[in-house]
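Let's take a friendly walk through a protein model together. Have a look at the structure first, and then read on.

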Amino acid sequence: MVRSTVVYVAPDALRWAQWVLADEPILLGDLPVAWTVSARAGEAGLAEWTAYFSTGVPPEAVADFLVALECRPDPAYGFAGPQVVFDALAGHGWVRDIDTPAVISDPRLTAGMALNVLPEDGIQDGDPLALDPGADLTGWQAWCEPRIGAGFLWAAVFSASTPHDLVAAFASSLASPDPVLRHTLPQGSEDQLFVRPTV
């Protein structure tokens, strides 16, 4: 397998971000993973968790996830529960699915997040149960599908041990109504966005 990789390692060597293009990439919703972010408890240990971001994920949300990770004194473990993610999204007007409360979506139903059983292939986690093929580990998944059935614009997956407060930082950034600068609009999302010209 051929890879094109750029790795950024924090000075404490406990957290790192990796940009990867591989001949046989990990796919999220048919989209190749572009960034992986991981953290470990000690310099000699393996990653306790990994977050995966496909191409197209809003860069502000990835950046806010990285800033939150950099600010944590303990990057490997979290103590908040999943409710912090739901609260972060609900605070921006997202609503939980009545039939499936583990799913929460923006009011236009173009983007969503869910706390679900993770795909078995390619998602690495430090939980010993991750080695058991029969274990159903749950983690956060996020996606944007501007038109139902037209395919994902982007996707993100957070392995089971990813601290919920870090996922909440990503979620809050994702749901923020603050304007962001774009030179081009993502294909297929033109009539789904509020566009304001810059002066």
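## Strand S10 and its partners

S5 and S10 pair in the antiparallel sense over three bridges; two strands count as paired if DSSP finds at least two bridges between them. In S10, Ala 156 is the bridge partner of Phe 53. S9 and S10 also pair in the antiparallel sense, over five bridges, and here Phe 158 of S10 is the bridge partner of Trp 140. Strands are DSSP runs of E with at least two residues, helices runs of H or I with at least four, numbered from the N terminus.

This is a predicted model, in which local features need pLDDT of at least 70 and side-chain atom pairs count only at pLDDT 80 or more, while totals for chains, interfaces and linings use all residues. Residues are numbered from 1 along each chain as its sequence is written, and side-chain values use heavy atoms, leaving out hydrogens and water.

## Two faces of S10

In a regular strand the side chains alternate between the two faces of the sheet. Trp 154, Ala 156 and Phe 158 point one way from S10, and Ala 155 and Val 157 the other way. Five of the five residues of S10 are buried (under 20% relative accessible area, with exposed over 50% and partly exposed in between; 1.4 Å probe, protein chains only).

## A look at Ser 173

Leaving aside neighbours within four places in sequence, Ser 173 is in contact (heavy atoms within 4.5 Å) with Glu 60, Ala 61 and Asp 64.
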